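Please read the following note alongside the sequence and the model.

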Amino acid sequence: MPYLISDVVAPGALACRQQPTLPVSDGGLVLRPWASSDAPAVYEAFQDPVLQRWHARVADSEGEARDWIEDWRAAWAGERAAHWAIADAATDRLVGRIALRMIELPDGQAEVAYWTVPWARGRGVAPRAVETLARWSFDEVSLHRLELTHATANEASCRVALKTCFPAEGTKRSAVLHADGWHDMHLHARVAGAPFEPRGSGRP
């Protein structure tokens with residue numbers, strides 16, 4: 001039975017190209033593909049209690065972090081996800097991670113996820129990285145909708161979402177299990193071509 005609509009983005013749109021390095025405007029950062037040499041920095045990042053609070057797993061060793069990186073790199077070819085290191089453009093020092101998760105090219109959708117290392121927080125790293133990735137996703141890949149979710153208690157992530165034109169759409173009740181129990185999640189989304197004025201309150 002034929003479909004009545006075409007794929008929003010044809011399968012193979014990512015796998016047929018090399019993962020790019022994306023310059024981040026206004027701030028001396030780049031989004032670059034991961035390297036095995038990033039494993040020590042990833043391991044160190046996951047020892048941070050703040051980062052652990054919002055993640056389901058921790059890295060027990062640099063070797064485990066290196067395995068994660070290999071999986072992140074392989075995800076591009078499989079078009080399952082696309083992961084970038086956020087790095088200082090001058091020194092290449094790791095300052096965070098940003099990704100498109102749960103990519104569905106035929107539907108034109110993906111989910112944005114990110115974290116930053118402790119010393120880089122409060123410097124606008126996450127908002128600039130999210131804005132860069134969103135523009136690339138819409139302009140270069142032709143995705144239609146990007147979602148962003150975070151625990152309702154994670155007010156910092158809510159501020160990032162609103163600063164980058166991801167308006168709140170609602171609350172997913174008891175949606176994600178963290179180490180301290182089930183968390184309600186705020187759902188934000190940004191749609192290609194939709195105007196939106198950022199606002200300060202993160203409560204849907």
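1. Helices (H or I, at least four residues) and strands (E, at least two) are DSSP runs, numbered from the N terminus. The expected span of a helix is 1.5 Å times one less than its number of residues. The model is a predicted one, in which local features need pLDDT of at least 70 and side-chain atom pairs count only at pLDDT 80 or more, while totals for chains, interfaces and linings use all residues. Residues are numbered from 1 along each chain as its sequence is written, and side-chain values use heavy atoms, with hydrogens and water left out.

2. Helix H4 covers residues 125-141, which makes 17 residues. From its first C-alpha to its last, H4 reaches 23 Å, close to the 24 Å expected at 1.5 Å a residue. Serine 142 follows H4 and has a positive phi, near 70°.

3. How many of the 17 residues of H4 are buried? The term buried means under 20% relative accessible area, exposed means over 50%, and partly exposed lies in between (1.4 Å probe, protein chains only). By this criterion 14 of the 17 are buried, and H4 is mostly covered.

4. Side chains of opposite charge can pair when their charged atoms come close. A salt bridge is counted here when a side-chain nitrogen of Lys or Arg is within 4 Å of a carboxyl oxygen of Asp or Glu. The structure holds ten salt bridges; three of them are described below.

5. Arginine 32 and aspartate 92 meet through their side chains in a salt bridge, at 2.7 Å from N to O. Arginine 32 belongs to strand E2 (residues 29-32), and aspartate 92 to the loop between strand E3 (82-88) and strand E4 (94-104), so the pair ties together parts 60 residues apart in sequence. Arginine 32 is buried, at 10% relative accessibility, whereas aspartate 92 is partly exposed, at 40%.

6. In the salt bridge between arginine 121 and aspartate 48, the closest N and O atoms are 2.6 Å apart. This pair links distant parts of the chain, 73 residues apart: arginine 121 is in the loop between strand E5 (109-116) and H4, and aspartate 48 is in the loop between helix H1 (39-45) and helix H2 (49-53). Arginine 121 is partly exposed, at 32% relative accessibility; aspartate 48 is buried, at 11%.

7. Arginine 145 and glutamate 169 also form a salt bridge, at 2.7 Å from N to O. The two residues lie 24 residues apart, in strand E6 (residues 145-151) and strand E7 (residues 168-178) respectively.
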